[in-house]
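Hello,

Here is the structure I promised to pass on to you. Please open it alongside this email, and I will walk you through what turned up.

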Amino acid sequence: MVQGVAAIAAPDFVGKRQWPYSGVVIIAGVLIALAGNGLFLAMWAGEREYGTPLFPVFVALFVWSLWALWILFREKTWRTVPHPKSFAIGFMITTALTAANLVKSSWYEPSVAPVSVQSSAKFGKATLKATPEGDFVYVPVTLRVKNSGKVPAYILGSAFWVVGRQFAATAADRTEQAWKRDLEAGKDVDLYAKPPDSTMVSTGEILGAGSYVNPGTEFVVQKLVLLPQSAEFDALTAETKILTLRKDKATLPSGLKPHGFSWNPAGGPPKCSWPQCGDEFVYYVGYVEHSNNIVNVTREPRYLNSWWRMYAGGGNSEISAGVRPYHPAREESADWESDDIYGIEKIKGGGDLVPFQPLVAGALKDAGK
């Protein structure tokens, strides 16, 4: 508003100077322009990205502000200020309050409020289904995602997986050497059983990538897992995992869109230079903006890449994401930024474990068999 008034007062100042305060207003407008563009250039210097679209504008306006200030200094415009000390003090106080508000809203508040998004999985009561191929059991799984905190969050990826476990007892106590091998393989240690064989029987997404959960919001998703009655599983386990992005640190204006599948040769497989991607994965991409527009206009455009990796052997489904500047000529550039800048956090959810044979027995009893 001050700069708008200064632009209106400029013809009067360079002309007849009929308005006694035109010089004062113009000094304030020039100082605001100088401080504002100085801030933009200081923020830009943090990364020095020459592809920033508005960088030439910042430079031009900063040089113009210096030139305008020199003109005002040469004209000794400050002599037209009725109370120069009061004017200078007021300008400094206003600038300090604006800077303090910027720091509080853009950096302090997002850093102290934690993200609290939980996910969980729970098995329900199984039912029997007779088919020409044999008897099957339906095992319901209830999946929940809830934001119990105060910070809205995007869901960059969410996965559940149901695994069948088969245990094998040993004839004698297992030796300490066998324990060490189990620990090296990342498995549990049991005295009378070998590490269980695991088979992935169901996996998928809980919520679509790019969706978001506001504080106090809870999503409940029901899934059905179909298993043959004769399956030789001793237990079923269900687990969940979600990957979140703080909405007060960054936004996804267009959401996330599926960009490709590693096994689909159409258009070539998606590129992923991260080891977490593995061989079989789903790939998402989306444009990301900072919640602070001062940062947005002093940086090159950012793109967020998200991957969902599946393990057929019973391991957990891995989800990963990263942000980087977009360079079409080198899409596999390794200049990934820190996840902390955008509040990207991977959260392991609550799971469930049930013995399989009692599930089958209950389903048979309810069906009268």
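Let me start with a question: which residues make a nonpolar surface patch of about 600 Å²? They are Met1, Val2, Val5, Trp19, Tyr21 and Ile32. Ile32 is partly exposed, since its relative accessible area is 33%, a value between the 20% under which a residue counts as buried and the 50% over which it counts as exposed.

Before you go further, please keep in mind that this is a predicted model. The mean pLDDT of the protein is 80, and 80% of the residues reach 70 or more. Confidence is lowest in helix α4 (residues 84–112), where the mean is 66. At the other end, strand β1 (residues 117–123) has the highest confidence, at 93. Where pLDDT is low, the predicted coordinates should not be read in detail.

Now for the overall picture. The protein has 369 residues, and buried ones make up 39% of them. You will find eight helices and 15 strands as you look around. Taking the contacts between residues at least 6 apart in sequence, 74% join residues that are at least 24 apart. As for the surface, the protein exposes about 20,400 Å², with carbon and sulfur atoms supplying 59% of that area.

Is Ser202 buried or exposed? Ser202 is buried, because its relative accessible area is 17%, and the cut-off for buried is under 20%. Setting aside neighbours within four places in sequence, Ser202 is in contact with Phe160, Trp161, Val162 and Val225. Trp161 is worth a look here: Ser202 and Trp161 are 41 residues apart in sequence, yet their C-alpha atoms are 5.7 Å apart in space.

The other stop is Asn296, which belongs to helix α6 (residues 293–297). With a relative accessible area of 19%, Asn296 is under the 20% cut-off and therefore counts as buried. Which residues does Asn296 contact, leaving aside its neighbours within four places in sequence? The contacts are with Glu289 and His290.

That is the tour for now. Do write back with any questions once you have had a look.

Best wishes

How values were computed. Residues numbered from 1 in each chain as written. Predicted model: local features only at pLDDT ≥ 70, side-chain atom pairs only at ≥ 80, totals over all residues. Heavy atoms only, no water. Helix = DSSP H or I, 4+ residues; strand = E, 2+ residues; numbered from the N terminus. Buried < 20%, exposed > 50% of the residue type's maximum accessible area, 1.4 Å probe, protein only. Contact = heavy atoms within 4.5 Å. pLDDT = per-residue confidence, 0-100. Areas by Shrake-Rupley, 256 points an atom, 1.4 Å probe, with all protein chains shown as cover. Patch = residues over 30% accessible without salt bridge, like charges linked within 9 Å, V, L, I, M, F, W, Y side chains within 5 Å. Salt bridge = Lys/Arg side-chain N within 4 Å of Asp/Glu carboxyl O.
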